[in-house]
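Hello,

Here is the structure you will be taking over. My notes follow below it.

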Amino acid sequence: MVATTAVVTLVSQTACGATRDLGHATPEPTATNEHSRLEDGMVTVRVPGGDFEMGSTDAEVDQALQLCEGAYGDCQRDWFEDEQPAHTVSLDTFRIDRTEVTNAQFAAFLNAQSEAAEGDLTWADVMVDLNSEHCRIERADERFRAEEGYSDHPAVMISWYGAKAYCAWAGARLPTEAEWEYAARGPKRSVYPWGDAFEGTRLNSCDASCPFEDWRDAAYDDGYARTAPVGTYPDGASWCGVLDMAGNVWEWVADRYGADYYARSPRRNPQGPDSGRFRVQRGGSWTATLRDARSARRHRYPASWQDHAVGFRCAMTLRRELAASGAPPSDVRTAVP
Ligand SMILES: [Ca+2]
Ligand SMILES: [Ca+2]
């Protein structure tokens with residue numbers, strides 16, 4: 001394990017939402033920094049805290065249903081009703097990874113672990129299914145490495161436990177469900193990270209080349225039948241420059257899934273229900289289409305699930321917020337500025 005936590009190097013400065021015209025309502029520009037995390041080289045983006053309406057209104061659920069009916073037929077309104085009620089959430093400033101975690105990064109994490117056994121399983125087996133044909137991390141000479149040509153593709157076949165352990169190793173944590181949605185939609189609540197209309201060239205979804213004939217969208221060619229290298233679609237950036245929030249791979253977040261949680265969620269920094277065997281994923285993937293790429297869409301699997309369309313990214317608490325939370329001074333000193 002790496003003892004140093006959250007030490008970052010300043011690599012560039014941009015104005016949040018000010019460097020690109022996405023054709024949708026962009027919040028007032030707020031100064032932000034992009035940092036490269038020492039532990040894994042991941043670029044993180046500062047997301048300024050604030051209030052936003054999380055989830056979907058009745059009208060937005062109706063729109064989601066119409067969208068689904070138009071694309072597929074036979075859709076049900078209750079598929080989207082766990083996005084209700086829309087409710088105000090107040091978030092502290094945080095950092096989130098600009099892209100999904102890659103095979104090369106996850107392989108480096110595995111190489112840093114000791115090989116403690118968990119019954120018949122190694123610790124690596126608990127985190128990632130290396131035997132799956134979909135897993136592009138291989139083992140050679142007692143080392144883990146990305147398969148040739150897949151270093152910069154998102155890591156998949158990772159359980160929620162693997163995602164959580166990776167983020168801890170990197171001096172970070174999984175984003176909460178509220179943080180994820182805020183980083184994707186912003187205070188103006190766009191339907192997709194780039195705006196309110198689906199555009200199949202701004203993400204890697206189940207396009208014309210997708211192997212799933214029953215639901216692929218032949219209207220678009222996004223260039224990838226399966227996963228794409230992270231950051232392939234800069235035009236799909238969210239309001240604060242976060243990439244791949246729609247498509248490529250679904251992303252584990254920290255929260256347990258609660259279909260009715262939005263009705264009782266605390267306003268400030270909600271963390272999800274205290275119990276429940278499912279954890280949430282967000283954002284759709286290369287196996288999914290416009291229905292699942294909506295940034296309010298919620299998906300869930302058991303925490304041990306390992307899937308060819310599910311990966312993750314990490315988030316980080318800032319020093320100022322840690323100090324306000326009453327964290328030990330040692331934690332605060334090593335947090336991100
Ligand atoms: Ca695709
Ligand atoms: Ca994604």
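Which residues of α5 are buried? They are Glu177, Ala178, Glu179, Trp180, Glu181, Tyr182, Ala183, Ala184 and Arg185, so that nine of its nine residues are buried and the helix is mostly covered. Here a residue is buried if 20 or more other C-beta atoms lie within 10 Å of its own, exposed if 12 or fewer, and partly exposed in between, with C-beta atoms placed from the backbone. Helices (H or I, at least four residues) and strands (E, at least two) are DSSP runs, numbered from the N terminus.

This is a predicted model, in which local features need pLDDT of at least 70, side-chain atom pairs count only at pLDDT 80 or more, and totals for chains, interfaces and linings use all residues. Residues are numbered from 1 along each chain as its sequence is written, while chains are lettered from A and ligands numbered from 1 in the order in which they are written.

Glycine 186 follows α5 and has a positive phi, near 75°.

In α4 (residues 160-169), the buried residues are Trp160, Gly162, Ala163, Lys164, Tyr166 and Cys167. They pack against α2 (103-111), α3 (123-127), β11, β12 (278-282) and β14 (310-312).

Tyrosine 233 lies in the loop between α5 (177-185) and β11 (250-256). Tyrosine 233 is buried because 23 other C-beta atoms are within 10 Å. Beyond its neighbours within four places in sequence, tyrosine 233 is in contact (C-beta atoms, placed from the backbone, within 7 Å) with Arg202, Leu203, Asn204, Leu243 and Asp244. Leucine 203 is 30 residues from tyrosine 233 in sequence, yet 5.9 Å away in space, C-alpha to C-alpha.

Regards

How values were computed. Two residues are in contact if their C-beta atoms, placed from the backbone, lie within 7 Å.
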